[in-house]
Amino acid sequence: MQEHHSETENESGMRKVRLREALLRLRSGLPPAQREAAAAAIGGGVIRWWEVNRPATIGVYWPIRSEPDLRDAYRTLAERGVRLALPVVRDECQPLHFLAWTPGDAIREDRFGVAIPAAEQSVAPDALLIPCVGFNPMCMRLGYGGGFYDRTLALSPRPLTLGIAYDCGAAEFDGQPHDIALDMVLTESRLLTNRPGVSR
């Protein structure tokens with residue numbers, strides 16, 4: 001009986017691997033002009049989301065692998081007095097750590113080749129912008145498979161979460177026991193919400 005359960009989990013894991021690969025191909029295949037326009041629309045949505053929810057400190061992300069580039073929105077948020085932070089992987093089995101960052105600050109690459117602040121000033125964000133490879137109608141996120149954001153969101157108190165994705169990331173998949181749904185997912189054309197009490 002246990003063996004059958006393990007096979008089912010393995011099959012589910014393989015389906016997610018295949019789905020992730022397919023969605024990454026779709027995303028990387030977007031024409032540059034379409035990707036730029038979509039990112040601008042998402043950036044505008046981020047500003048509207050902030051105007052409603054007003055988190056003081058937001059954990060953002062540095063775009064990699066054709067993720068929506070929201071750096072213009074980051075500059076707008078910083079100009080409005082929002083404190084920003086970038087995630088850092090301290091240990092591959094631990095939650096993400098966040099370092100204060102303002103657009104224009106010096107950055108360096110970590111061991112994964114991802115940009116992180118050169119200065120180390122730890123902060124605890126009130127909200128997170130979380131890039132998604134894919135997402136489903138229940139605001140479950142498909143990421144790169146490392147589990148970093150799942151471990152981060154398992155902490156208490158949990159920050160407000162806004163998933164960031166292109167429309168082409170919409171997919172049907174089941175969450176696994178360790179997966180944690182996001183509060184909202186924002187694309188260039190829509191805003192999905194998972195929590196009735198969270199403002200659009």
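## Aromatic pairs

A search of the whole structure finds three aromatic pairs, where rings of Phe, Tyr and Trp (its six-membered ring) pair if their centres lie within 6.5 Å, and planes under 30 degrees apart count as stacked, over 60 as edge-to-face and the rest as tilted. In one of these pairs, the ring centres of W62 and W101 are 5.8 Å apart and the planes stand at 80°, so the pair is edge-to-face. Because W62 lies in the loop between β1 (57-59) and α3 (71-79) while W101 belongs to strand β3 (residues 97-101), the pair ties together parts that are 39 residues apart in sequence; helices (H or I, at least four residues) and strands (E, at least two) are DSSP runs, numbered from the N terminus.

This is a predicted model, in which local features need pLDDT of at least 70 and side-chain atom pairs count only at pLDDT 80 or more, whereas totals for chains, interfaces and linings use all residues. Residues are numbered from 1 along each chain as its sequence is written, and side-chain values use heavy atoms, with hydrogens and water left out.

## Burial and the cluster

W101 is buried at 4% relative accessibility, and W62 is partly exposed at 22% (buried means under 20% relative accessible area, exposed over 50%, partly exposed in between, with a 1.4 Å probe and protein chains only). The rings of Y74 and W101, with centres 6.1 Å apart and planes at 85°, also form an edge-to-face pair. Y74 is buried, at 0%. Y61, W62, Y74 and W101 form one aromatic cluster.

## Charges over rings

R71 lies over the face of W62, at 4.8 Å from the ring centre, and R54 lies over that of W50, at 4.2 Å; a charge sits over a ring if NZ of Lys or CZ of Arg is within 6 Å of the ring centre and within 35 degrees of the ring normal.
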